[in-house]
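Good morning, and thank you for making time for this item. I shall speak about side-chain contacts, taking salt bridges, aromatic rings and nonpolar cores in turn.

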Amino acid sequence: MRAAYFAFDRFPSSKGSAVHIGQMAAELFDRFGGGLLGVLGGGGLPRYQREGDIEIARFDEQIPNLIDRAEAYSHWVARHLAPHLETLELVHVRDPWSALPVLGHRHKVVYEVNGLPSIELPHTWPQAAPATVAKVRRLEEHCLEHADAVVVPSSVIGNAIRKMGINPEKVFLVPNAADPVAPPQPTATASTATAGASSVPRARPPGAPEHYIIYVGALQRWQGVDVLLRAFARLADLTDLRLVICSSVPERRAKPLQRLADRLGVAERIMWRFTLPHDEVAGWLAGAAVSAAPLTACPRNLDQGCAPLKILESMAAGTPVVASDLPAVREILGEDGRLVAPDRPAELARAIRILLEYPGQARAMAARAKGRVPTWADSRAKLAEVYSRV
């Protein structure tokens with residue numbers, strides 16, 4: 001193998017990270033004529049498979065403790081790397097657990113930073129000891145310092161990396177992206193199926209409400225779905241309006257939010273969809289009146305930034321977006337979306353109501369946003385420039 005891509009993420013999956021992995025790994029393997037893809041498995045995914053010149057290996061050990069699992073994964077990466085050390089030219093990684101075992105060899109290393117575990121860990125694992133978080137921070141700094149290039153999806157994340165003392169000349173912006181989606185069609189036809197890659201048509205999802213707003217993504221606290229539920233309760237007078245939640249995680253993870261919906265009296269007006277294939281989510285987005293991204297103002301979203309695919313994919317679908325006014329979100333939306341103060345249900349409800357009451361202005365705003373979304377071809381071209389540079 002001449003190239004390898006490692007990620008401490010499950011692939012494929014319904015999460016946005018899987019979309020990103022698929023695109024970035026495709027660019028790497030197209031350039032080098034195949035390679036090794038090392039990712040997380042489980043859930044019935046095969047431990048090994050081969051697709052043409054690409055070998056896919058999946059780490060599927062069930063280790064409850066996150067740090068123990070990450071350490072075992074790093075050893076697994078080292079074992080899979082060893083047979084190819086004489087031929088590898090470039091290794092692309094997404095996290096410190098993947099980066100540590102690939103550093104210090106003859107090949108070049110591109111470290112893609114979509115998030116910093118030292119910042120995310122206290123949110124995803126609140127029981128993590130401060131000393132553990134500090135060790136993770138030192139590991140991150142070591143890996144970033146010794147990588148040949150660092151790729152970030154937003155300027156906000158790039159600035160966070162530079163503040164860590166990483167050489168700014170090796171930090172490159174490769175933005176997240178989304179491909180355009182045509183408005184939903186009543187049924188798929190031969191003519192729409194061949195409409196071209198620039199605008200992918202979608203059939204209206206079966207059972208979709210006539211009039212709905214949508215949330216797409218995971219359900220962690222920092223996503224702010226509880227804020228959206230409280231905002232939706234303030235729209236009770238819009239009796240025909242529904243909220244569709246397309247969750248990238250299984251239903252058991254939604255139980256606390258479903259109980260909150262019961263207490264707020266909105267449970268009957270919410271439609272839940274869990275772990276839908278990515279192509280199906282595009283249809284739900286395209287049919288929605290408004291897409292909401294109510295991210296909270298926590299360090300995870302402020303200190304390191306974020307580049308949510310849910311916002312880009314909503315823009316690409318031509319759906320008006322209401323989102324929290326955070327630096328990374330402003331970078332994506334600009335003035336082509338409604339930005340509201342985070343963690344304030346009343347303001348979120350008011351912004352949604354305005355878009356619903358002025359659909360012409362909402363559609364015009366969404367059309368401007370759609371024209372600004374970088375495509376995956378654009379992002380892959382920027383990544384290719386980084387590969388050439390290193």
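**Side-chain contacts in the predicted model**

Arg330 and Asp325 form a salt bridge in which the closest N and O atoms are 2.7 Å apart; the term requires a side-chain nitrogen of Lys or Arg within 4 Å of a carboxyl oxygen of Asp or Glu. This is a predicted model, in which local features need pLDDT of at least 70, side-chain atom pairs count only at pLDDT 80 or more, and totals for chains, interfaces and linings use all residues. Residues are numbered from 1 along each chain as its sequence is written, and side-chain values use heavy atoms, with hydrogens and water left out.

Arg330 is partly exposed, at 41% relative accessibility, and Asp325 is partly exposed as well, at 31%. Here buried means under 20% relative accessible area, exposed over 50%, and partly exposed in between, with a 1.4 Å probe and protein chains only.

The search of the whole structure gives 16 salt bridges. Another of them joins Arg372 to Asp336, at 3.3 Å from N to O. That pair links distant parts of the chain, 36 residues apart: Arg372 is in the loop between α15 (359-370) and α16, and Asp336 in the loop between α13 and β16 (338-340). Helices (H or I, at least four residues) and strands (E, at least two) are DSSP runs, numbered from the N terminus. Arg372 is partly exposed at 39%, whereas Asp336 counts as buried at 11%.

I turn to the aromatic rings. How many aromatic pairs does a search of the whole structure find? There are 7, where rings of Phe, Tyr and Trp (its six-membered ring) pair if their centres lie within 6.5 Å, with planes under 30 degrees apart called stacked, over 60 edge-to-face, and the rest tilted. Phe8 and Tyr73 make a tilted pair, with 5.0 Å between centres and 55 degrees between planes. Phe8 belongs to strand β1 (residues 3-10) and Tyr73 to helix α2 (residues 66-81), 65 residues apart. Both residues of this pair, Phe8 and Tyr73, are buried. Tyr73 also pairs edge-to-face with Phe59, at 5.8 Å and 80 degrees. One aromatic cluster comprises Phe8, Phe59, Tyr73, Trp76 and Trp97.

Finally, the largest nonpolar core has 48 residues; such a core is a set of buried Ala, Val, Leu, Ile, Met, Phe, Trp, Tyr and Cys residues joined through side-chain atoms within 4.5 Å. Helix α1 gives the most to this core, with 8 residues.
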